[in-house]
Amino acid sequence: MTQVSIIVPVYNEEESLPELTTWIGRVMNQHRFSYELIFINDGSSDKSWEVIECLAKQNGHIKAIGFSRNYGKSAALDIGFSRASGEVVITMDADLQDSPDEIPLLYDMIKEQGYDIVSGWKKKRHDPFTKTVPSKFFNGVTRLISGIKLHDFNCGLKAYRNKVVKQIHLYGEMHRYIPLIAKWNGFNKIGEKAVEHRARKYGTTKFGIERFVHGFLDLISVSFVNRYRKKPMHFFGALGSISFFGGFLITCWLVFEKIRGIRHGLEVREVTDQPLFFLSLVALVVGVQLFLTGFLAEMMISTSSRKGDYNIDEELNFAH
Ligand code: UDP
Ligand code: MG
């Protein structure tokens, strides 16, 4: 079995790829690892794919997938995870900010020390403060929500036991929260290793502040989905019940008032004209609707299966 799979998402990184390939090859050979290097071209508009094809002709370890357009880093890692065959799976960025020299140590932490995931920690980070400040904030929030004590959730350099990546499905901006998703799937041994981080040598960053915002919204939705994914009835049913029960109480009270009013000589209309009467009707109907929504969701879940939501244009060197 291949020892190491290295997954590299690529979005307009043509200048970095030859250097990265040589560097990875040097480290792998030094440590006599059997390995595969999987490039995922995420709809680059530069010559990244041509460069990958050219490198693959000279280097038999290279495999590659090309998306039909830019789907984002999460989608790129997701397809890489599904294809990786190595015992230990490494993810790293294409831009030479992560150092391949770290791979053997990460490998040992998985193989010898029994970690499920080891996340890189860019202790001395070489990024502008417009990246580091929001990143500190997001790491703090994520630590709080998850209870996982990592300094740097979003480091591109991570190592995984193979069976972990087969359980993880990523979409949106979820690559920022892989340790959380792993924990939700029952992988508790999550470690951290301080890694060298370098300044970007070529090209520019693809992640601005707006992607942090998207990432945060994804975190909220995925926390929610994780909680109620299998049992939407528990969420919608509870809301529906509260609404229905509230409507029912108001109705009872109104009926009681009506009887009392009629006794005191009031007209029935004076009761049904009340805003409260309409509120109770709305609450009853909404309650039933929410209940049915949960019911439908549960029926859909039991009949559907999840598929990757991206299109693949090209593939190189994968045996089918
Ligand atoms: N990337 C990608 N798809 C995207 C954006 C980025 O595959 O839509 C890749 C990019 O080529 C790089 C990695 O994800 O290999 C990290 O991107 P970047 O270096 O721009 O992020 P930063 O280090 O600035 O956080
Ligand atoms: Mg980078």
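1. Two strands pair if DSSP finds at least two bridges between them. Helices (H or I, at least four residues) and strands (E, at least two) are DSSP runs, numbered from the N terminus. With that in hand, here is a pairing to look up: isoleucine 7 stands opposite threonine 91 in S4. S1 and S4 run parallel and are joined by 4 bridges.

2. A word on what you are looking at: this is a predicted model, in which local features need pLDDT of at least 70, side-chain atom pairs count only at pLDDT 80 or more, and totals for chains, interfaces and linings use all residues. Residues are numbered from 1 along each chain as its sequence is written, while chains are lettered from A and ligands numbered from 1 in the order in which they are written.

3. Now the overall form. The protein chain has 11 helices and 8 strands. Its C-alpha atoms fill a box of roughly 95 × 40 × 35 Å along the principal axes. The radius of gyration (taken over C-alpha atoms) is 27 Å, whereas a compact globule of 320 residues would have one near 20 Å, by the rule of 2.2 Å times the number of residues to the power 0.38.

4. The 8 strands form an open sheet with mixed pairing, in the order S7-S5-S6-S4-S1-S2-S3-S8. Its edge strands, each pairing on one side only, are S7 (190-195) and S8 (312-316). On average, neighbouring strands are turned by 20° against each other, direction ignored; axes here are lines fitted to C-alpha atoms, for helices over the stretch in contact, and angles run from 0 to 180 degrees between N-to-C directions.

5. Next, look at two more pairs. S5 (residues 117-122) and S7 run parallel with 6 bridges between them, and valine 118 has glycine 191 in S7 as its bridge partner. S4 and S6 (residues 158-161) run antiparallel and share 4 bridges; here isoleucine 90 is partnered by alanine 159 in S6.

6. S4 is covered on both faces: Val88 and Ile90 on one side, and Val89 and Thr91 on the other, are all buried. A residue is buried if 20 or more other C-beta atoms (placed from the backbone) lie within 10 Å of its own, exposed if 12 or fewer, and partly exposed in between. By that count, buried residues make up 37% of the 320 residues in the protein chain.

7. Helix H3 deserves a look too. Because 9 of its 11 residues are buried, H3 is largely enclosed by the rest of the structure. Among the buried residues are Lys73, Asp78 and Phe81. The cover over them includes S1, S2 (35-41), S3 (62-67), S4 (88-91) and helix H6 (162-165).

8. What surrounds ligand 1? The shell holds 17 residues, the closest being Pro9, Tyr11, Ala94, Thr205 and Lys206; a residue is near a molecule if its C-beta atom, placed from the backbone, lies within 6 Å of it. S1 (4-10) and H3 (73-83) are the elements that give two or more residues to this shell.

9. Finally, visit glycine 287 in helix H11 (residues 275-303). Glycine 287 is buried, with 21 other C-beta atoms within 10 Å. Leaving aside neighbours within four places in sequence, its contacts (C-beta atoms, placed from the backbone, within 7 Å) are Gly240, Ser241, Ser243, Phe244 and Gly247. Glycine 246 is 41 residues from glycine 287 in sequence, yet 9.0 Å away in space, C-alpha to C-alpha.

Methods: Two residues are in contact if their C-beta atoms, placed from the backbone, lie within 7 Å.
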